[in-house]
Amino acid sequence: MGFREFLKDELAYQGLTTRELAEKSGVNKRTIDHYLMANPQEPSVTNAHKIAEALGVSIEYLLTGKEYQNSTPITGELLELVQTFLTLSAEQRELFLKFVKMLNSKVTTRS
């Protein structure tokens, strides 16, 4: 299996059409259709990145079916934290990061 099959599987899993993926990724629909053909062309690194980002998966996953080995899964509370962080303004993010660093330094000094 390769990019074509993993892309097809991910589109089916997420219930997306190639048109929807094109809109989310900024990659031309015809280009995506070519990646899904019987004798597909391989995507450029830029397009593979855009598609992976739009699907919320890694490029490694689209190429191999496996996630990057050293990545920390983002689930549960961590996912909620990341999602909330992404809704903050730049100023709020800066304050949040300072707060987290302060908390971490207090925990570290107690240990």
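Trainee: Is aspartate 33 buried, partly exposed or exposed, and at what relative accessibility?

Mentor: Keep in mind that this is a predicted model. Aspartate 33 counts as partly exposed, because its relative accessibility is 28%, and partly exposed covers the range between under 20% for buried and over 50% for exposed.

Now look at its partner. The side chain of aspartate 33 meets that of lysine 29 in a salt bridge, at 2.7 Å from N to O. Lysine 29 also counts as partly exposed, at 28% relative accessibility. Both residues belong to helix H3, which covers residues 29-35. They sit four residues apart, about one turn of the helix. In general, side chains of opposite charge can pair when their charged atoms come close.

This pair is one of three salt bridges in the structure. Glutamate 94 is partly exposed, with a relative accessible area of 47%. Lysine 98 is exposed, at 52%; the line for exposed is drawn at over 50%.

Arginine 4 and glutamate 5 make another salt bridge. Here the closest N and O atoms lie 3.4 Å apart. Glutamate 5 is partly exposed, with a relative accessible area of 27%.

Leave the charges and turn to a nonpolar part of the surface. Leu78, Leu81, Val82 and Leu86 form a nonpolar patch there. Together they have about 320 Å² of accessible area. Leucine 86 lies in helix H6, residues 76-87. Leucine 86 counts as exposed, because its relative accessibility is 53%.

Last, a helix pair. Helix H2 (residues 18-25) packs with helix H4 (residues 45-55) at an angle of about 105 degrees. Their axes are 9 Å apart. Angles of 65 to 115 degrees count as roughly perpendicular, so H2 and H4 are roughly perpendicular to each other. From H2, the contact uses Leu21, Lys24 and Ser25. From H4, Lys50, Ile51, Ala54 and Leu55 take part.

Conventions
Residues are numbered from 1 along each chain as its sequence is written. This is a predicted model: local features need pLDDT of at least 70, side-chain atom pairs count only at pLDDT 80 or more; totals for chains, interfaces and linings use all residues. Side-chain values use heavy atoms; hydrogens and water are left out. Patches are made of residues with over 30% relative accessible area and no salt bridge: like charges are joined within 9 Å, nonpolar side chains (Val, Leu, Ile, Met, Phe, Trp, Tyr) within 5 Å. Accessible areas come from the Shrake-Rupley method with a 1.4 Å probe; for residues, only the protein chains shown count as cover. A salt bridge is a side-chain nitrogen of Lys or Arg within 4 Å of a carboxyl oxygen of Asp or Glu. Helices (H or I, at least four residues) and strands (E, at least two) are DSSP runs, numbered from the N terminus. Buried means under 20% relative accessible area, exposed over 50%, partly exposed in between (1.4 Å probe, protein chains only). Axes are lines fitted to C-alpha atoms, for helices over the stretch in contact, and angles run from 0 to 180 degrees between N-to-C directions. Angles under 35 degrees count as roughly parallel, over 145 as roughly antiparallel, 65 to 115 as roughly perpendicular and the rest as oblique. Contact means heavy atoms within 4.5 Å.
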